[in-house]
Amino acid sequence: MIYPTRTAVLAAAAGAPVALLIAVALPGRWYVGLAWPIAVLLLTAFDAFSAHRTATASLSVPTTAPVGATVDATIRVAIAGGRPPRSAEVALDGGPLLALENDGRLWLTLHDGRGEALLPLTTLRRGTARVDRLWLRWRGGFGLAWQQRILPADVTLPILPDIRALHDRGAQMFQRHALSGLLAQIDRGDGTDFDALVEFRSGMDRRSIDWKQSARQTKLHAKEYRSERNNQIVFAIDSGRQMSEPVAGLPRVDRAVSAMLLTAWIALKLGDRVALHAFDSRPRIASGLVSGMPAFANLQRLAAAIDYSGEETNYSFALTTLAARLTRRSMIVLFTEFTDLTSADFLVRAAARLLKGHLLLVVVLRDEEVERLVDAAPTNADDVTRAVTAAALLRDRKLVLTRLQHLGVHVIESAHDRVGEELVAGYVALKRRNLL
């Protein structure tokens with residue numbers, strides 16, 4: 001494709017007043033005024049013809065990328081022929097899954113017709129991002145004509161759940177708890193399963209003394225217990241319309257998936273069994289219970305398949321189906337979001353039925369945008385209206401969470417950047433209390 005640059009258009013337009021003056025002053029020689037735009041047109045055509053080149057471009061991206069991360073794509077351009085241009089512009093379309101800096105446009109400085117540059121790509125949602133083609137253009141020697149090419153790219157970038165927390169914080173949290181003795185205390189001393197018979201020591205619970213064995217040994221002996229292993233931890237992730245809304249630039253469901261993977265990694269380390277359940281208007285993903293660290297890769301693959309939905313959440317259908325699949329008492333971690341009392345009432349009713357045979361932990365993210373509206377100082381009547389509405393929403397939200405807690409549901413309401421750590425702490429605390 002060949003088309004004039006802005007310089008060519010302005011140069012041609014500059015000759016219009018001159019042609020008009022000549023036509024008024026010399027009506028018989030009006031055609032002389034056309035000399036300027038014709039000269040610009042001919043010069044533009046020559047510039048376009050002389051700038052014709054064979055061009056190639058390629059795009060390189062990482063093998064995978066976590067959602068919410070910024071990665072660099074490498075763009076390489078090669079323009080053949082004598083006297084190649086000194087610069088060229090590249091543009092690409094990242095689709096709905098990628099956010100591109102400067103709308104995907106990038107200028108490259110060329111040396112002997114070759115150039116290379118980095119373009120930051122920000123992953124917005126999970127899925128497979130595709131870049132099918134690139135747009136490449138450069139100007140002729142006079143800067144009057146653009147030469148543009150549409151070149152195939154055929155590049156895919158799988159966007160996976162964010163597991164950077166496992167590398168950054170997961171191992172540190174596990175090591176910190178191990179060094180402080182917390183994990184050892186969970187494994188032995190705070191459980192219900194008999195582990196060993198030991199000699200009674202000062203500081204041990206007197207209720208653990210085994211009087212029969214003490215009488216036989218003529219010394220006080222006590223029973224030592226350990227935490228029950230193979231507890232069933234089921235992560236139920238709401239992927240409905242409200243969970244697809246962003247918080248701090250990332251959908252709530254992606255925040256939930258990251259926190260789930262972090263907690264699942266800790267649970268598998270501690271010997272528990274883990275399952276994943278995703279739903280919106282109906283169940284979408286229902287995995288079986290897995291155990292052992294090799295199963296974490298499969299869990300991550302299933303989490304990557306959780307789709308974004310625009311449908312309303314059906315708590316009754318999803319949680320009833322989940323309860324029917326469980327054959328023994330389990331800890332159910334429910335990630336969800338609600339904004340109206342009608343949907344929240346369905347959540348409370350479903351939670352009450354679930355509590356008859358299981359332990360339920362509900363995780364919600366704080367609505368920081370609504371909280372800012374409440375805390376902001378109003379400057380006009382519209383600000384007052386927004387603040388009153390936001391305060392009513394927060395009041396209804398607190399009422400629902402209080403109702404859940406009165407039923408016996410454990411609730412975690414966390415900021416988006418701390419939900420993983422608080423969920424791990426809540427899971428460890430419940431395990432220490434033998435509530436699983």
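Quick housekeeping: residues are numbered from 1 along each chain as its sequence is written. Since the model is predicted, local features need pLDDT of at least 70 and side-chain atom pairs count only at pLDDT 80 or more, while totals for chains, interfaces and linings use all residues; side-chain values use heavy atoms, with hydrogens and water left out.

Okay, helices. Have a look at α8, residues 315-325, and α9, residues 341-354: their axes come within 9 Å and cross at roughly 15°. That makes α8 roughly parallel to α9, the cut-off being angles under 35 degrees. Who makes the contact (heavy atoms within 4.5 Å)? On α8 we've got Y315, S316, L319, T320 and A323, and on α9 S343, F346, L347, A350, R353 and L354.

Now the cores, meaning sets of buried Ala, Val, Leu, Ile, Met, Phe, Trp, Tyr and Cys residues joined through side-chain atoms within 4.5 Å, where buried is under 20% relative accessible area with a 1.4 Å probe, protein chains only. The largest one has 43 residues, and M260 and F335 have the most contacts inside it. Elements giving it two or more residues include β13 (232-238), α6 (252-269), β18 (331-335) and α12 (419-432). The largest share comes from α6, with 12 residues.

And what does M260 touch? Leaving aside residues up to four places away in sequence, M260 touches F235, I237, L276, L299, A303 and F335. There's also a second, separate core of 34 residues, with L98, L100, L136 and L250 among them.

Technical notes
Axes fitted to C-alpha atoms, helices over the stretch in contact; angles between N-to-C directions. Helix = DSSP H or I, 4+ residues; strand = E, 2+ residues; numbered from the N terminus. Parallel < 35°, antiparallel > 145°, perpendicular 65-115°, else oblique. Contact = heavy atoms within 4.5 Å. Buried < 20%, exposed > 50% of the residue type's maximum accessible area, 1.4 Å probe, protein only.
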